[in-house]
Amino acid sequence: MHKLVQHTKDLLAQFPESRFYLACSGGIDSMVLLDVLSKCEIDFDVLHVNYHLRGEDSDLDQQLVESICREKNIPFHLHTVEMGKMLEKEKGNLQAMAREIRYEFFNAFIQKSPSTKVILAHHQDDQIETFFLNLLRGGGVMALASMQQKSGDKLRPLLNVKKSEIEAYARIENVVFREDVSNYKNSYRRNRFRNEYLPFVRKSLPSIDESVILLVDVFQQNQLLLEQKLVPLVRRVEKEKRLSDQAYDALSSVECAELLRQLDLSPARVGELENLRKSEKGKFLMLDEIRIMRESDGFSFKKNDEVVSEKTLEIVAVNELPKVFTKNEIYLDPKKISGELTLRKWQIGDRIKLVGMKGSKLISDVLTDAKVSSSERADKLVLTDDKNIHWCVGHAIGRIALADPYSDKWRIRVVEKETN
């Protein structure tokens with residue numbers, strides 16, 4: 001058994017309950033990996049994306065992968081996209097957009113089962129290129145750790161294999177593949193590194209590859225320790241949707257970046273979080289789809305794309321008042337109400353005449369006394385008629401129109417109706 005086959009078989013054996021999907025472009029790396037996997041005596045599917053960027057060549061790539069899968073009786077899944085038209089419309093970065101499309105396609109299969117693994121054909125030469133590119137971008141420990149062989153739902157069996165070994169395997173095993181001529185165009189930074197910069201450096205420093213791989217290994221070990229250290233804090237933030245100042249202040253900038261990464265937020269924006277720490281209460285920062293708001297003693301985290309709730313009134317007639325009252329419902333006498341009842345978000349300057357006290361109180365003070373966080377205050381509701389606020393929902397009851405044992409009575413409560 002070839003060592004690539006044995007190595008890959010041993011790696012996949014660590015995930016006996018997993019369903020495997022191979023991302024295959026039709027190039028030499030992924031076609032070699034397809035051949036290797038077919039000899040590992042495991043079940044796997046193949047995923048292919050046709051971007052229609054190279055005309056007939058793109059279709060020929062698809063036909064090759066599809067025909068090999070048909071020959072080997074391997075399930076084949078295709079995703080097609082008119083990438084050229086998308087670029088004209090959105091004016092984005094080609095490689096970044098292609099990667100996003102590719103990974104969205106992969107995720108559609110990953111989401112079917114938590115044990116799903118997508119197998120990628122990255123090899124050692126890719127790892128070296130990634131290291132230098134991340135170094136140029138000013139990456140920290142996390143970036144310089146580069147790619148990992150086992151990373152969540154991704155597996156990279158060839159990551160410790162040199163490109164020359166992959167080429168040798170293809171020759172010996174007669175692996176059919178297609179060459180992507182765009183790999184030789186130096187219009188992309190990675191291609192310039194691959195085709196110009198690294199060959200030049202290797203002539204002067206023949207051992208550069210071994211040195212980089214050694215550094216990557218050190219960074220990966222440090223990254224693993226960092227990840228393990230941050231896990232308890234990440235779990236607490238995910239559960240409580242809060243990060244205290246005490247916990248934040250105990251983090252180094254590297255640890256803070258790792259915290260953001262594990263929360264699926266951009267670690268590169270760690271400096272903006274540091275600036276928010278110095279801001280006044282109520283200031284906030286949008287990181288991806290999360291709103292991080294400055295509170296009096298820390299930060300709150302809230303999804304920006306949460307389902308919007310439209311809250312409406314449900315009015316129920318009752319024959320008698322309850323023995324115990326709560327602030328989650330209100331009993332009103334309809335004869336004491338002026339005009340129509342309206343449920344709306346509270347506004348600055350709103351006041352309510354509370355039960356058990358003279359005069360009135362600002363709704364803002366009611367929410368402050370109830371210790372409502374800045375991130376939640378904006379969504380709080382009040383019940384009003386044409387003249388008065390009768391209820392700060394969940395927090396305070398007004399006295400003006402309250403029902404008594406001798407009045408006609410309504411029971412009024414808030415009902416949440418989800419809208420998109």
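**Figure 1. W391 stands opposite I397 in β18.** The model is predicted: local features need pLDDT of at least 70, side-chain atom pairs count only at pLDDT 80 or more, and totals for chains, interfaces and linings use all residues. Residues are numbered from 1 along each chain as its sequence is written, and side-chain values use heavy atoms, with hydrogens and water left out. Strand β17 covers residues 389–392 and pairs with β18 in the antiparallel sense, over two bridges. Pairing requires at least two DSSP bridges between the strands. Helices (H or I, at least four residues) and strands (E, at least two) are DSSP runs, numbered from the N terminus. The open sheet here has four strands in the order β13-β16-β17-β18, with antiparallel pairing. At its edges stand β13 (342–345) and β18 (396–397); each has a single partner strand, so one side of each lacks a neighbour in the sheet.

**Figure 2. A second open sheet runs in the order β7-β10-β9-β8.** It has four strands, and the pairing is antiparallel. The edge strands β7 (242–244) and β8 (284–287) each pair on one side only. Neighbouring strands are turned by 20° against each other on average, direction ignored. Such angles come from axes, lines fitted to C-alpha atoms (for helices over the stretch in contact), and run from 0 to 180 degrees between N-to-C directions. Strands β9 (residues 290–294) and β10 (residues 298–303) run antiparallel and are joined by five bridges. Within that pair, R291 has K302 of β10 as its bridge partner.

**Figure 3. The largest nonpolar core holds 31 residues.** L22, L34 and V46 touch the most other members. Two or more residues come from each of α1 (3–12), β1 (20–23), α2 (28–38), β2 (44–50), α3 (56–72) and α8 (163–172). The most come from α2, which gives seven. A core is a set of buried Ala, Val, Leu, Ile, Met, Phe, Trp, Tyr and Cys residues joined through side-chain atoms within 4.5 Å. Buried means under 20% relative accessible area, exposed over 50%, partly exposed in between (1.4 Å probe, protein chains only). Neighbours within four places in sequence aside, L22 is in contact (heavy atoms within 4.5 Å) with S30, L33, L34, L37, F44, D45, V46, L47 and I119. Another core, of 24 residues, lies apart from this one; L230, A257, L285 and I290 are among its members.

**Figure 4. Helix α2 is largely enclosed by the rest of the structure.** Ten of its eleven residues are buried. They are I28, D29, S30, M31, V32, L33, L34, D35, V36 and L37. These buried residues pack against α1, β1, β2, α3, β4 (117–119) and α8.

**Figure 5. H48 of strand β2 is buried, at 2% relative accessible area.** Leaving out residues up to four places away in sequence, H48 touches C24, S25, D61, Q62, V65, F76, H77, L78, H79 and F105.

**Figure 6. Helices α6 and α9 cross at roughly 100°.** Helix α6 (residues 124–136) reaches 19 Å from its first C-alpha to its last. That is close to the 18 Å expected for its 13 residues at 1.5 Å a residue, the expected span being 1.5 Å times one less than the number of residues. Eleven of the 13 are buried, including I128, F131, F132 and L133. The axes of α6 and α9 (residues 189–204) come within 10 Å. Their angle makes α6 roughly perpendicular to α9. Under 35 degrees counts as roughly parallel, over 145 as roughly antiparallel, 65 to 115 as roughly perpendicular and the rest as oblique. In the contact, α6 supplies D125, D126, I128, E129, T130, F132, L133 and L136, while α9 supplies R189, R190, F193, R194, L198 and R202.

**Figure 7. Q220 lies in helix α10, residues 208–240.** Residues up to four places away in sequence are not counted; Q220 then touches Q127, A145, M147 and Q148.

Figure 8. Most residues other than glycine have a negative phi. N174 is exposed, with a relative accessible area of 64%.
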